[in-house]
Amino acid sequence: MFLLTKGDKYLIIFIIIISVVSLFFVKRDISNYDKKYFIISVDGKDYKKIYFGPEVVGKQISVKTEFGYNLIEIGDGKVRVIEADCPDKLDVKQGYIERPGEVIVCLPNKLVIEIKGESKDNDIDYISH
Amino acid sequence: MKNLRKLVFLSLLVSLGLALSILESFMPIPFVAPGAKLGLSNMVVLVTLVIFGFKEALAVGVLKSMLFSLATGSISSLFYSLSGSVLSCITMYIVYSYFSNIYSLIGVSIFGAVAHNLAQVSVASLMMKNLKIFSYLPILLLTSLFTGYFVGLSSIFISKNLKKSFPKSCDTSKM
């Protein structure tokens, strides 16, 4: 069919398998930023910016502002809210967030925690002519 | 007389490959990684390989790359396309002469496209000193399957007809 020999078909299947498998690995690897940090902001203003690392694991940050009180715990590359004085405690129930782009929002306390990633050499893309 | 005929035809093939390269540089494939191309000029190299042989195919491939970088005026693309066409030519020759009972021209052309991509990605990562370029490779390999298939398919038809014009310089046992 379509002038393909048996060897061709095996070759095509083989290459598809190889590239899909390596695509899977590459996708996982690309999301590994060189540095990951999170920003705590209250009422739209940055409150704190903390880089993940072994030295901050297990640390707790209490955020006390005029809008309310939250206690944030840092894990190994992840972060969560463990105490809050807001009525529904949705931020506590959400648990850990760990991937860049994920956010925890506590609307009553106007608190936003966002994880971001940065790589060392992303200030300019390579230009080729 | 015969050599002259061959010379003229090879130069025609080179200019055809050059025209196809320039044409496909205007034609980016959407949704795919940068650097993905149709590989239309690979068709010319493959047809030369089938009709004339390895040496002529290598000459056509190298001349085509050099002329292409002269025509577009980009030096760095010379390294990419030169390494790509040399490696793909060698690979296609090996596959075509030793494994043509297993693979048809489509398989040969897919091998060539894969080798082309490998060489280009290696040269790119050498030149940019960045191993992350290799993460493009799976996507390039997937696209090279499709382009390689169609290039091989058209090469089958082209070489079928061209073999009538050059019956002595090729062996009819293959194909």
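Two strands pair if DSSP finds at least two bridges between them. In this predicted model, strand S4 (residues 68-74) of chain A is joined to S5(A) by 5 bridges. The two strands run antiparallel. Ile74(A) has Val79(A) in S5(A) as its bridge partner.

S4(A) and S5(A) belong to an open sheet of 3 strands in chain A, ordered S3-S4-S5. The pairing in this sheet is antiparallel. Strand S3 (60-65) and strand S5 (79-84) of chain A form the edges, and each pairs on one side only. From one strand to the next, the twist averages 25 degrees.

Further strand pairing in chain A involves strand S1 (residues 35-42). S1(A) pairs with strand S7 (residues 111-118) of chain A over 8 bridges, in the antiparallel sense. Within this pair, Lys36(A) stands opposite Gly117(A) of S7(A). S1(A) is also joined by 6 bridges to strand S2 (residues 45-51) of chain A. This pair likewise runs antiparallel. Here Ile39(A) stands opposite Lys49(A) in S2(A). S1(A) and S2(A) form a hairpin, with 2 residues between the strands. In the turn, Asp43(A) has a positive phi of about 55 degrees.

Helix packing was examined in chain B. Helix H3 (residues 54-72) and helix H4 (residues 76-98) of chain B pack at an angle of about 165 degrees. Their axes lie 9 Å apart. Angles over 145 degrees count as roughly antiparallel, so H3(B) is roughly antiparallel to H4(B). The crossing of H3(B) with H4(B) is right-handed. On the H3(B) side, the contact includes Phe54(B), Ala57(B), Leu58(B), Gly61(B) and Val62(B). Residues of H4(B) in the contact include Leu78(B), Leu82(B), Val86(B), Cys89(B) and Tyr93(B). By class, the residues of this contact divide into 11 nonpolar, 7 polar and 1 charged.

H2(B) contributes Asn42(B), Met43(B), Leu46(B), Val47(B), Val50(B) and Ile51(B) to the contact. H6(B) supplies Val151(B), Ser154(B), Ser155(B), Ile158(B), Ser159(B), Leu162(B) and Lys163(B). The contact of H2(B) with H6(B) has 8 nonpolar, 4 polar and 1 charged residues.

The two chains also touch. The contact takes 18 residues from chain A and 18 residues from chain B. On the side of chain A that touches chain B, 10 residues are nonpolar, 6 are polar and 2 are charged. One residue of chain B that touches chain A is Ile102(B). Ile102(B) is found in the loop between H4 and helix H5 (105-128) of chain B. Not counting residues up to four places away in sequence, Ile102(B) touches Thr5(A) and Gly7(A). Ile102(B) is partly exposed, because 14 other C-beta atoms lie within 10 Å. A residue counts as buried at 20 or more such atoms and as exposed at 12 or fewer.

Conventions:
Residues numbered from 1 in each chain as written. Chains lettered and ligands numbered in written order. Predicted model: local features only at pLDDT ≥ 70, side-chain atom pairs only at ≥ 80, totals over all residues. Contact = placed C-beta atoms within 7 Å. Nonpolar A, V, L, I, M, F, W, Y, C, P; charged D, E, K, R; others polar. Helix = DSSP H or I, 4+ residues; strand = E, 2+ residues; numbered from the N terminus. Axes fitted to C-alpha atoms, helices over the stretch in contact; angles between N-to-C directions. Parallel < 35°, antiparallel > 145°, perpendicular 65-115°, else oblique. Left-handed = near helix turned anticlockwise from the far one by under 90°.
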